Amino acid sequence: MSNLSSTERSTAPASPLLSVKQLRVDLPVAKGTLHAVRGIDFHVERGEMLCLVGESGCGKSMTSLALMGLLPRKAQINADCLNFDGIDLLTMTEHERSNLRGARMAMIFQEPMTALNPAYTLGNQLCEALRRHQRVSRKAAHDRAVYLLERVGISAAAERMRQYPHQLSGGLRQRVMIAMALMCEPDLIIADEPTTALDVTIQAQILHLLRDLQQEFGTAVIFITHDLGVVARIADRVAVMYAGEVIETASAQALFKTPSHPYTQGLLRCIPSPGKTPPGSRLQAIPGVVPSLVGKLHGCAFCNRCDQADEICQTTPPLHPIASGHSARCHFAHPLASSAQINTPEVVS
Amino acid sequence: MSSPSTVTNSSDPLALELCSLSKTFTLGGGMLHKSRTLQAVKDVSLRVPQGQVMGLVGESGCGKSTLAKMLLGLTSPSSGDVLINGKAIANANQKALARHIQPIFQDPYSSLNPRQRIAQIVGLPLRIHAIGTPKEQAVKVDEMLEMVGLPKRAAQQYPGQMSGGQRQRVAIARALIMRPDLVICDEPTSALDVSVQAQILNLLLDLKDEFGLTYLFISHDLAVVEHLADRLAVMYLGQIVEEGTREQIFTAPRHPYTQALLASALTPEPDLGVPDIGLGAGQPDPSRPPSGCAFHPRCPMAQPECSQQAPALSALDQATPKSNQVRVACHFS
Ligand SMILES: Nc1ncnc2c1ncn2[C@@H]1O[C@H](COP(=O)(O)OP(=O)(O)OP(=O)(O)O)[C@@H](O)[C@H]1O
Ligand SMILES: Nc1ncnc2c1ncn2[C@@H]1O[C@H](COP(=O)(O)OP(=O)(O)OP(=O)(O)O)[C@@H](O)[C@H]1O
Ligand SMILES: [Mg+2]
Ligand SMILES: [Mg+2]
């Protein structure tokens, strides 16, 4: 041990900040059980930006609520492993959980109005987020809130602190949510569509801010979004979800250059691409609807919408490795077979 | 039956006309703080011919939703007029207005009644206007749900049991069931994933052709706006700073704010990163707008006169017919 140099030590693989194995979330509904998340695996490294994309209703928000310990009361959570920086999230008490929340893991919610309390001023809510977890003076909390509001591009921040949520535009509310999540300098931020309500100039500014935080403090971010433009520009890695499963993971480069699951390929064809898609023309959509998540699903969840589906798709596909760090849950996604079997979409430029 | 202030050109009947529309909010006024005013919409004039799609883009907080609410009669303008099919809405009643103009809002959560089933929510406009028998209404609701891509079982669910995207489809079904003339879409697809977005945009385009609908389409997604809009208006701090045809705005934007906006759009190209367009963080405080041109503190082209005199929104070439005109509010364009 004595001759182990510091460089050797630092190259030893550190355990990821968050690791998730076989996470399942079930919800009781009138007709049985809805399997919102059906056994997903992923991990997030310190300082990494993981983007989570997928069809509406595929379980992205449920996954993040499960990580935060904020699932609806009736929801059932199961996992082989749910580990945050050495802490087992599954066996934690509710009290330990709430200490972690806000302080070390913070969430930016999809809809700010559900997370902001209409009865309190922004200042109250921002400062409360910090003072619940850290012993800081009222003044220090206030100053940090003003600083962060300015960082997310809100002018006259000190005055905005006295306003109530309903007095703000959608985009301003969303930025207040972002500032709130940053109050305690968390290690992990789960951002559920944080920039969808923002115009592109402010979006660019927020994305720069998240990047800065990652560089300054090694903050890890799980970024949920429908916007493939954002994914392409910010993700270190991408996980594509469909019907409660992760069906493809890859680096951003690999995902956009060689999408391997037919669903991912379909997604990339859906977006109007300026200069290529004639304005007003019909966009390619993925035909059909997502299967019901109530009850058990057999075989590949995408096969009813897939134009390459075959008999084999009646059996559940394994996660095939395509290349290092790139895998897809499709019977046809072999590293060699892929180009022959699957027409790759037009390269979007 | 047009009101005196309309200057409609008979060749292009207008579905919507805004004449110097403004909205001022009064802020605060607690014990220690003086109340101030915030001009959310400032002297906006805009003409939307029937059957066209007018895209409305701009910074968040620049007043797009406030503008939309005034058109829908949900907020009264501080000054100015809104004309729908040539008639001023100030003296129309809400119910009559609702047959002509319907909204699809940004926020699918708060706009749906959580205690009603989806079938009731979508069918409500039919009941209010007493259109058809209950049985016919139910058939229409089923058709509409199918058109927006919701499964049959959705009819019996509550909004709380649906994902964000599913709720937005409900909101679209509710707006379109009355087959209105004019639809105000405030970020209608921002909560939808791209495959559903493609279906909904196709649906909006189909319904537009089928029923001759006119849309005012508010969105932050410039690729979507470029796909859908015939004309485009760009707002900054309550005012329109540029308005023109899709081609003109996307190929040759004139106003520096429009240029910054287009430069920030993120196309799905993984190696490009996020552009730094150098506008700085300094979004102005709308209750204390800058003097002169509201954009001058952030404008790379600003000259001394920009802080003194506000540029008027004027047509670049007066000779072009109105339907092809570009209007820009900049001293240097
Ligand atoms: N409270 C609830 N009770 C029952 N089912 C629910 C509840 N909330 C969500 N669901 C269902 O769980 C599934 C996953 O929902 P989730 O909100 O995680 O989707 P999502 O991927 O975040 O979608 P979106 O992109 O639209 O936000 C959906 O099928 C949804 O209908
Ligand atoms: N009821 C209100 N009272 C006071 N100020 C308001 C009120 N409603 C809106 N405002 C202010 O008016 C301005 C314009 O808001 P609006 O919601 O119209 O913006 P927007 O362009 O729709 O923004 P976004 O793209 O973020 O939705 C904002 O500064 C907002 O804070
Ligand atoms: Mg969600
Ligand atoms: Mg708005």
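**Close-up views of two ligand sites and the interface of chains A and B**

Ligand 1 is surrounded by residues from chains A and B, so this site is shared between chains. The model shown in every view is predicted.

**View 1. Residues around ligand 1.** The shell around ligand 1 holds 22 residues, and those that come nearest are A:Ser56, A:Gly57, A:Lys60, A:Ser61 and A:Met62. Sorted by class, this shell around ligand 1 has twelve polar, six nonpolar and four charged residues.

View 2. Ligand 1 taken alone exposes 640 Å², and the protein buries 90% of that. Two or more residues of the shell around ligand 1 come from each of β2 (32–44) and α2 (60–68) of chain A and α5 (164–176) of chain B.

**View 3. Residues around ligand 2.** Residues from chains A and B also surround ligand 2, so this second site is likewise shared between chains. Of the 22 residues around ligand 2, A:Gly171 of chain A and B:Gly61, B:Lys64, B:Ser65 and B:Thr66 of chain B come nearest. The shell around ligand 2 is made up of eleven polar, eight nonpolar and three charged residues. At least two residues of the shell around ligand 2 are supplied by each of α8 of chain A and β1 (14–27), β2 and α1 (64–71) of chain B.

View 4. Residues of both chains are labelled here, among them A:Gln167 and B:Gly61. A backbone N or O atom of A:Gln167 is placed 2.9 Å from an oxygen atom of ligand 2. On chain B, a backbone N or O atom of B:Gly61 lies 2.7 Å from an oxygen atom of ligand 2, and a polar backbone atom of B:Gly63 is 2.9 Å from an oxygen atom of ligand 2. Taken alone, ligand 2 exposes 640 Å², of which the protein buries 90%.

**View 5. The contact between chain A and chain B.** Chain A gives 62 residues to the contact, and chain B gives 62 residues. About 5000 Å² is buried between chain A and chain B, with carbon and sulfur atoms giving 55% of this area. On the side of chain A, the residues that lose the most area to chain B are A:Val200, A:Thr201 and A:Arg233, which together make up 14% of what that side buries.

**View 6. Polar pairs and helices at the interface.** Between chain A and chain B there are 17 residue pairs in polar contact, counting pairs with both residues at pLDDT 80 or more. The side of chain A that touches chain B takes two or more residues from each of α7 (157–160), α8 (170–182), α9 (200–217), α10 (228–234), α11 (252–257) and α12 (262–270) of chain A. Helix α9(A) gives the largest share of that side, eight residues. By class, the side of chain A that touches chain B has 25 nonpolar, 24 polar and 13 charged residues.

**View 7. A salt bridge between the chains.** The side chains of A:Glu159 and B:Arg36 form a salt bridge, with an N to O distance of 2.6 Å. Between chain A and chain B the count is five salt bridges, and over all chains the count comes to 22 salt bridges. A:Glu159 belongs to helix α7 of chain A and B:Arg36 to strand β2 (residues 36–49) of chain B, so the pair joins two chains.

Note on methods: Residues numbered from 1 in each chain as written. Chains lettered and ligands numbered in written order. Predicted model: local features only at pLDDT ≥ 70, side-chain atom pairs only at ≥ 80, totals over all residues. Heavy atoms only, no water. Near = heavy atom within 4 Å. Areas by Shrake-Rupley, 256 points an atom, 1.4 Å probe, with all protein chains shown as cover. Helix = DSSP H or I, 4+ residues; strand = E, 2+ residues; numbered from the N terminus. Nonpolar A, V, L, I, M, F, W, Y, C, P; charged D, E, K, R; others polar. Contact = heavy atoms within 4.5 Å. Buried area = accessible area lost by both parts, 1.4 Å probe. Salt bridge = Lys/Arg side-chain N within 4 Å of Asp/Glu carboxyl O. Polar contact = N/O pair within 3.5 Å; in protein donor to acceptor, adjacent residues only side chain to side chain.
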